[in-house]
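Welcome to my notebook. I jotted these entries while looking around a structure that was new to me, and you are welcome to follow along.

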Amino acid sequence: MKVARFTDGGRPRIGIVDTGKGLVYPLDDKLSNIADLIRMTAGGFSYHGSGNAGIGLQTVKLLAPILPERNIFCVGKNYHAHAKEFSGSGYEAGAVKGQEIDEYPAIFSKPPSTVVGPGDTVELHPQATSAVDYEAELAFVISRPGRNISTADAMNHVWGYTIINDVTARDRQKNHKQWLAGKGLDTFCPMGPWIVTADEIDADNLDITCHVNGELRQKANTRDLIFKIPQLIAAISAGLTLQAGDVIATGTPAGVGIGFDPPRFLRAGDLVEISVTGIGTIANSFG
Ligand code: MG
């Protein structure tokens, strides 16, 4: 099931998307936050029709599916080829040749103020950076709270999947060493176009692509993740309680702007489109 958050002129609503028919069926009008739906349905979401008439997808404005209540958790250097391109780019503080692959996942976060929705413009922040880059990523949403979650139990804590663009100011990522300063700028986390519930997704075999102005830049499959989703959940939840509605991004594959020589940073007017099989596409322009 594809669960979207949208507005059709009034306040935000949530609904079930039928991409074949091009319609979204609004759920209970009292629900405007998918995190509330997740808390109500953590053990599994079944849907038997909303009783409401479908609204044309083309006529609504899709919003980021989750309004995060705290930072988005993210993972760096989680595909071999990207770990090598990043270490070799000159933009990784403290990079050591021959030690591109880490023994433990690199975990960082992005503030809720980074999150924007499909079609929203990502700010280039020219006063703060001149090196804005894209990162196509599969993200997943936590279903029920847990701490010290085992890898064996981890997938029982996943409610669904979405796409994020982990937009990064490479100069700030390098200069400030810790990644928050380069990853946390306002609008730097486009998310969407909706959440697909976990029962419909095999997260170990999803194609990810990223196009910039129609040119293919990133193409990979999640089977190549270094640290898989159960390992990520176990690592992040060690001594830290994950909450229903938390979003965790799994890392980006090779093909980001700093993988090119010279680097190809984003400019005003650029359009970045990220697609994941079984989920859909999120497109955002930069300016
Ligand atoms: Mg990333």
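**Entry 1: the metal site.** I started with the magnesium ion, whose donors follow the spacing E-x1-E-x28-D along the chain. I kept in mind that this is a predicted model. Which residues are the protein donors? I found Glu-135 (OE), Glu-137 (OE) and Asp-166 (OD), lying 1.9 to 2.1 Å from the magnesium ion.

Glu-137 belongs to strand β10 (residues 136-142), while Asp-166 lies in the loop between β11 (158-165) and β12 (168-169). The pair is 29 residues apart and links distant parts of the chain. Are they buried or exposed? Both Glu-137 and Asp-166 turned out to be buried.

**Entry 2: the two domains.** I then stepped back to the whole chain, which is divided into domain 1 (2-62) and domain 2 (72-286). I noted 25 Å between the C-alpha centres of domain 1 and domain 2. For the contact, I read off 15 residues from domain 1 and 16 residues from domain 2.

How much area is buried between domain 1 and domain 2? I wrote down about 1200 Å², with carbon and sulfur atoms giving 69% of that area. On the domain 1 side, I picked out Lys-2, Ile-38 and Leu-62, which supply 45% of the area that domain 1 buries against domain 2.

**Entry 3: polar links across the interface.** Here I checked for charged and polar pairs. I saw one salt bridge across the interface of domain 1 and domain 2. The side chains of Lys-61 and Asp-120 meet in a salt bridge, at 2.9 Å from N to O. I also noted four residue pairs in polar contact across the interface of domain 1 and domain 2.

Which elements make up the side of domain 1 that touches domain 2? I listed β1 (2-7), α1 (34-40) and β5 (61-63), each supplying at least two residues. Of the elements on this side, α1 gives the most, with four residues.

**Entry 4: a serine in a loop.** Last, I visited Ser-237, which I found in the loop between α6 (229-236) and β16 (247-249). Why does Ser-237 count as buried? Ser-237 counts as buried because its relative accessibility is 0%. I followed its side chain to the backbone oxygen of Ile-233, reached at 2.8 Å. Leaving aside residues up to four places away in sequence, I noted that Ser-237 touches Gly-146, Arg-147, Asn-148, Ile-149 and Leu-242.

Technical notes:
Residues numbered from 1 in each chain as written. Predicted model: local features only at pLDDT ≥ 70, side-chain atom pairs only at ≥ 80, totals over all residues. Heavy atoms only, no water. Donors = N, O, S within 2.8 Å, 3.2 Å for Na, K, Ca; no water. Buried < 20%, exposed > 50% of the residue type's maximum accessible area, 1.4 Å probe, protein only. Domains from an automatic or database assignment. Contact = heavy atoms within 4.5 Å. Buried area = accessible area lost by both parts, 1.4 Å probe. Salt bridge = Lys/Arg side-chain N within 4 Å of Asp/Glu carboxyl O. Polar contact = N/O pair within 3.5 Å; in protein donor to acceptor, adjacent residues only side chain to side chain.
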